[in-house]
Amino acid sequence: MRTKKTLSRIANALERIADVLEGKSYLVQTQHLNIDSVSLSEEQPIDTTDSKDCSEITESDKEEIITFLRKRNIDVKSYPEKEDVDASLISIAQYMGDKYSHIQKVYEMIKRHLNAEGGFKLDLKKSSQLDVSYSCQLCNMLYKIAFLSEYKYIKSPSFTLIATPNRIPIAINFLTGHWLELHIKKAVLDVLISLNQKISYSCIINPKIVLPNGDDFEFDVIYFIQGKAYWIEAKTASYQNYVDKYSKVALMLGQKDLRPYMVLTDLPQNNNHQILSKLFNMKVCYVEDFSNTFREDLILDLTN
């Protein structure tokens, strides 16, 4: 009887979560999860207004970026003219980046099982209340857009999250890394809005280029803001195999009018990101720190 009551409470709680999420794809919890009832405490919607709705921010022609690269003997072969991304994916990407330390376990399990048959069970007995809350919210979001074909959370006595990734191309592309690129793009635009200044920018995601030495390369995200380029690489897997290559590309681009970043979900221990930044000609930062880091750098650039 107790098990039936518990499952009933879980089902009711998940229904309430779904009701709250309807029409509000990115929510932030302001208090801890009540584990006994598996319900969310008071939540406030986050403003996900597109930056282009702000009259102070204008997107200029991508030719600015192409010209910047050509001056450095870098040829742009192709790039998406316009990335048509559903607002729900942008909101989920923003959520994942902002809450990554809390959803890391479940995200890594989801990504790991994109190439495996069946689903997974994640033991959350030792997880914090916030970890459980945000992980359940993420899975609920992904389930609503069919990126998960199965999802449920069982509290006592197992405290287990059960999910099965839906192995469709759009889900695989998003969950293996595109979400981080979308998160970065949204974070930059939010910073631009927050400065409340007249700012012109241009942006290209995933341009395919040819380096001065003839090698093919592809940027993740590159912005051009008020005469300065901001090149941002996003890594959701081991970064060790990439830092040297990125460092060499940064040197080819030159230090003048350029800020290169590498945004990681795999946080280096003992402030190693600071050491990496000094060694490899790029600012290395954790995903949850990127927005503040970029904001500080941009303010510095705009005032100099």
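Predicted model: local features only at pLDDT ≥ 70, side-chain atom pairs only at ≥ 80, totals over all residues.
In strand S7, isoleucine 162 is the bridge partner of lysine 121.

## Strand S7 and its two partners

S6 and S7 make a hairpin with 5 residues between them. In its turn sits phenylalanine 159, with a positive phi of about 50°.

How many residues of S7 (residues 160-165) are buried? The count is 6 of its 6 residues. In a regular strand, side chains alternate between the two faces of the sheet. You can follow this in S7: Thr160, Ile162 and Thr164 point one way, while Leu161, Ala163 and Pro165 point the other way. Both sets are buried.

## Helices with a buried face

Next, some helices. An α-helix has 3.6 residues a turn, so residues three or four places apart point the same way.

| Helix | Residues | Buried residues |
|---|---|---|
| H2 | 63-70 | Ile65, Ile66, Phe68 and Leu69 |
| H4 | 100-112 | Tyr100, Ile103, Val106, Tyr107, Met109 and Ile110 |
| H9 | 290-303 | Phe290, Thr293, Phe294, Asp297, Leu298 and Asp301 |

Why do the buried residues of H2 line one face of the helix? Seen down the axis of H2, they fall within an arc of 160°, so they line one face. They pack against several elements, including strand S4 (75-78), strand S8 (199-205) and helix H7 (243-253).

H4 has a feature of its own to look for: the helix bends by about 35° at valine 106. Val106 is also one of the buried residues of H4.

Helix H9 has 14 residues, and from its first C-alpha to its last it reaches 20 Å, close to the 20 Å expected at 1.5 Å a residue. Looking down its axis, the buried residues of H9 fall within an arc of 125°, so they line one face of the helix. What do these buried residues pack against? Their partners are helix H6 (169-194) and the strands S11 (221-225), S12 (228-235), S13 (258-264) and S14 (283-286). On the face turned away from this buried side, H9 carries the exposed residues Asn292, Glu296 and Thr303.

## A serine in helix H7

Helix H7, which the buried residues of H2 pack against, contains serine 247. Is serine 247 buried or exposed? Its relative accessibility is 6%, and because buried means under 20%, serine 247 counts as buried. Leaving aside neighbours within four places in sequence, serine 247 is in contact with Phe280, Asn281 and Met282.

## The whole protein

Now step back to the whole chain. The protein has 9 helices and 14 strands. Of its 304 residues, 48% count as buried. Among contacts between residues at least 6 apart in sequence, 67% join residues at least 24 apart. Finally, the protein exposes about 15,300 Å², and carbon and sulfur atoms supply 47% of that area.

Terms used:
Residues numbered from 1 in each chain as written. Heavy atoms only, no water. Bend = angle between axes of the 7 residues up to and from the residue. Helix = DSSP H or I, 4+ residues; strand = E, 2+ residues; numbered from the N terminus. Buried < 20%, exposed > 50% of the residue type's maximum accessible area, 1.4 Å probe, protein only. Pairing = 2+ DSSP bridges. Expected span 1.5 Å × (residues − 1). Arc of directions from axis to C-beta. Contact = heavy atoms within 4.5 Å. Areas by Shrake-Rupley, 256 points an atom, 1.4 Å probe, with all protein chains shown as cover.
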